[in-house]
Amino acid sequence: MHSSFKTTLSFAVFLLFAASTVYAQTDGIVFENGSFSEIKAKAKKEKKMIFMDCYTTWCGPCTAMSENTFPDAKAGEYFNKYFINAKIDMEKGEGVDIAQQYEIGCYPNLLIMDADGNLLHRTAGYKEVDELISFAKTAQDPLKRFSGLKEGYEKNKNNITFVRNYLLYLGNTCLPSEEVAKQFLSLAKESDLNNPENWSVIFEHAADINNNAYRHVLKNIDAFISKHTRDSVRQFSLTAVYNEAEKNIKENKTNEEFKAFLNSIRKLNNPTIEEADLFSLSLAFYAKKQDWKEYISIAVAEGDQYIKDENVNDACWIFYTHSEDRSALLKAAGWMKKYIANHQQDYEWIMGISGTLPTWLSQLNISEDDHDQAKAYIANKMIYSYYDTYAALHYKLKNKKDAQSYADMAINVAKKYELSYESTEELLEGIKTLK
């Protein structure tokens, strides 16, 4: 199996098969079993702060922290000494009200409070042991913890340093940040925009082709690339363009208006924006409008250059379902033929020639009980759907032999991995009627 295949799927498979049972171990952080009122009472009695893990049962990173971080002896040594620790499901019992009270917007959400339940510090997302302890230690500093940053911002809204510090930390919390970001951008001078320390704020909050910060980056793009890498500036630029394209879709712009928008992007001469990006935006725009004639026209004209692995199946299926033009169908079949030829070893691997799959899944920490489901996910995402589409194109082109061959191959993959393949069987019945 080649490495690109593994890289594409590793993260997705890991997330898909994270377990869903939360548990605690006694050698790590000890969590109280009582109500929130009882936890606050104990915190008062022992003169400690409260650490609360706000979780849900379906949250993979929550489970991972419960399995990997909370049981660690180093975490237990610190948190059991300085905190009364609580673990509360935000979708059950009093957790529902707690989630609303503390504006919990994502999971895991980690809170530190005083004994009265007043919020002192917070963060969100999976944390390794050292990260979690560092987070807890910051809560001891009134100026650096979340409540101090928030208070500093509210008292100094015209001081860009206070605004920036609060805004930067908001990114760790899943709390709304739009208003604070607007305040920062309204205060920022060119020197502030050029300051490397502010790039993360600009990257996260100024991706709008209509604001001054974006225009400043574009005007000085070589300098920004030099300071922050081309990939980073490209991602910032793409996000701004995609955001504007989304507005075009939501506002139901005409085709002419959308094309004018694309031309305006071209005129900016942003070296990090490529024609392939605008091609992808065009396909997304016309697909959203269900303007299949325009979609197919653009794909036929530019697809040989810009159709890639990540969009070939969607594009070819649209050709199959929305085009009767033989030349267009032949074009789509050509793209799919190229994909399948380039991924032949993936098919062979999926069908069992390679014996490395169980080892690979084990390396991803996927339990043996979940291997069958993981293999089915991979087989569907990388092989089955593509062979099914290719068979459908050959059917529409009345190429009976190829259509039947690839339909059979798709069904073989489906049977091996217990995928649903009724639609391919129906297609196969139609194929058999071809002369």
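A disulfide is taken here as a pair of cysteine sulfur atoms within 2.5 Å, and the structure holds two of them. The model is a predicted one, in which local features need pLDDT of at least 70 and side-chain atom pairs count only at pLDDT 80 or more, while totals for chains, interfaces and linings use all residues. Residues are numbered from 1 along each chain as its sequence is written, and side-chain values use heavy atoms, with hydrogens and water left out.

## Overall build

The secondary structure of the chain comes to 24 helices and five strands, where helices (H or I, at least four residues) and strands (E, at least two) are DSSP runs numbered from the N terminus. Along its principal axes, the C-alpha trace spans about 85 × 55 × 35 Å. Of the 435 residues, 48% count as buried; buried means under 20% relative accessible area, exposed means over 50%, and partly exposed covers what lies in between, with a 1.4 Å probe and protein chains only. Among the contacts in the chain with a separation of 6 or more, 69% come from residues 24 or more positions apart, a contact being heavy atoms within 4.5 Å.

## Disulfides and cysteines

The two bonds are set side by side below.

| Disulfide | S to S distance | Torsion about S-S | Hand |
|---|---|---|---|
| C59 and C62 | 2.3 Å | 85° | right-handed |
| C106 and C174 | 1.9 Å | about 90° | right-handed |

When the bonded cysteines of the chain are numbered in sequence order, the pairing reads 1-2, 3-4. C54 takes part in no disulfide, and the nearest cysteine sulfur, which belongs to C62, is 9.3 Å away. C54 is buried, with a relative accessible area of 0%, and C316 likewise counts as buried at 0% relative accessibility.

The burial of its two ends can be stated separately: C106 counts as buried at 19% relative accessibility, whereas C174 is partly exposed at 40%.

## Nonpolar cores

A nonpolar core is a set of buried Ala, Val, Leu, Ile, Met, Phe, Trp, Tyr and Cys residues joined through side-chain atoms within 4.5 Å. The largest such core has 116 residues, and those with the most contacts inside it are F51, F79, L132, Y295 and M336. Helix α22 (residues 371-396) gives the most to this core, contributing twelve residues. Apart from it lies another core, of 17 residues, including I50, M90, L111 and A115.

For L132, leaving aside residues up to four places away in sequence, the residues touched are I29, F51, M65, T69, F70, F79, L110 and K127.

## The pairing of α22 and α23

Helix α22 packs against helix α23 (residues 400-416) at an angle of about 155°, with their axes 8 Å apart. That angle makes α22 roughly antiparallel to α23, given that angles under 35 degrees count as roughly parallel, over 145 as roughly antiparallel, 65 to 115 as roughly perpendicular and the rest as oblique. The axes are lines fitted to C-alpha atoms, for helices over the stretch in contact, and the angles run from 0 to 180 degrees between N-to-C directions. The crossing of the two helices is left-handed, a term used if the near helix is turned anticlockwise from the far one by less than a right angle. On the α22 side, the residues that meet α23 include Y384, Y387, Y390, H394 and Y395, and their partners in α23 include D402, Y406, M409 and V413.

## Individual positions

S232 is found in helix α14 (residues 230-250) and counts as buried at 17% relative accessibility. Not counting residues up to four places away in sequence, S232 touches W199 and F203.

E302 is partly exposed, with a relative accessible area of 29%, whereas A301 counts as exposed at 64%. The C-alpha atoms of E302 and W349, 47 residues apart along the chain, are separated by 32 Å, and A301 and N158, which are 143 residues apart in sequence, are 52 Å apart in space, C-alpha to C-alpha.
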